[in-house]
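Thank you all for coming; I would like to take a few minutes to walk through one model with you, going from the overall layout to a single side chain.

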Amino acid sequence: MVIATRQSMEDCLEQCESVLSIAKEQYKEASQQEHYNNSEFVQSQLLLESAYNDLEKLNHYANEEQKEQLQRMKIQLHQMRHDMISLRH
């Protein structure tokens, strides 16, 4: 049985934090500027989607404690994706 290593978990969660930071910045800019930087806004949405998919993959190899960590991050990514989709941009 393959399990998620602590390093793979840390790397994945760190990557997700980075993506969230980028997305939050793009959300903030989009909410202030309307249609400017549209490509960066869309790119950050794609990064969120990719990070979410990476979490899904890692979840298959995670133990229960790791799954809880992954679930919390998935909720954050999902909420940010929702906020970006809902923004009248």
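This is a predicted model: local features need pLDDT of at least 70, side-chain atom pairs count only at pLDDT 80 or more; totals for chains, interfaces and linings use all residues.

I will begin with the chain as a whole, then turn to a pair of helices, the nonpolar core and finally one lysine.

The chain has three helices and zero strands, and from the N terminus on its elements simply run α-α-α. Taken along the principal axes, the C-alpha atoms fill a box of roughly 50 × 20 × 15 Å. Of the 89 residues in the chain, 30% are buried, and if we consider contacts with a separation of 6 or more, 77% of them are between residues 24 or more positions apart.

Let me now turn to the packing of α2 and α3. The axes of these helices come within 10 Å and cross at roughly 155°, and since angles over 145 degrees count as roughly antiparallel, α2 and α3 are therefore roughly antiparallel to each other. The crossing in which α2 passes α3 is left-handed. On the α2 side, the residues making the contact include Leu-48, Tyr-52, Leu-55 and Glu-56, while on the α3 side they include Leu-70, Met-73, Lys-74 and Leu-77.

Several of these names return in the core. The largest nonpolar core has 22 residues, and the members that touch the most other members are Cys-16, Leu-48, Leu-55, Leu-70, Met-73 and Leu-77. Two or more residues come from each of α1 (6-33), α2 (38-59) and α3 (64-86), and α1 gives the most, with eight residues. As general background, nonpolar side chains tend to be buried together in soluble globular proteins. Taking Met-73 as an example, and not counting residues up to four places away in sequence, we find that Met-73 touches Leu-13, Cys-16, Glu-17, Leu-20 and Leu-55.

Is Lys-74 buried or exposed? Its relative accessibility is 9%, and because the cut-off for buried is under 20%, Lys-74 counts as buried. Leaving aside neighbours within four places in sequence, Lys-74 is in contact with Tyr-52, Leu-55 and Glu-56. With Glu-56 there is also a polar contact between the side chains, at 2.5 Å.

I will stop there, and I am happy to take your questions.

Key:
Residues are numbered from 1 along each chain as its sequence is written. Side-chain values use heavy atoms; hydrogens and water are left out. A nonpolar core is a set of buried Ala, Val, Leu, Ile, Met, Phe, Trp, Tyr and Cys residues joined through side-chain atoms within 4.5 Å. Buried means under 20% relative accessible area, exposed over 50%, partly exposed in between (1.4 Å probe, protein chains only). Helices (H or I, at least four residues) and strands (E, at least two) are DSSP runs, numbered from the N terminus. Contact means heavy atoms within 4.5 Å. A polar contact is a pair of N or O atoms within 3.5 Å; within protein, one must be able to donate a hydrogen and the other to accept it, and residues adjacent in sequence count only if both atoms are side-chain atoms. Axes are lines fitted to C-alpha atoms, for helices over the stretch in contact, and angles run from 0 to 180 degrees between N-to-C directions. Angles under 35 degrees count as roughly parallel, over 145 as roughly antiparallel, 65 to 115 as roughly perpendicular and the rest as oblique. A crossing is left-handed if the near helix is turned anticlockwise from the far one by less than a right angle, and right-handed if clockwise.
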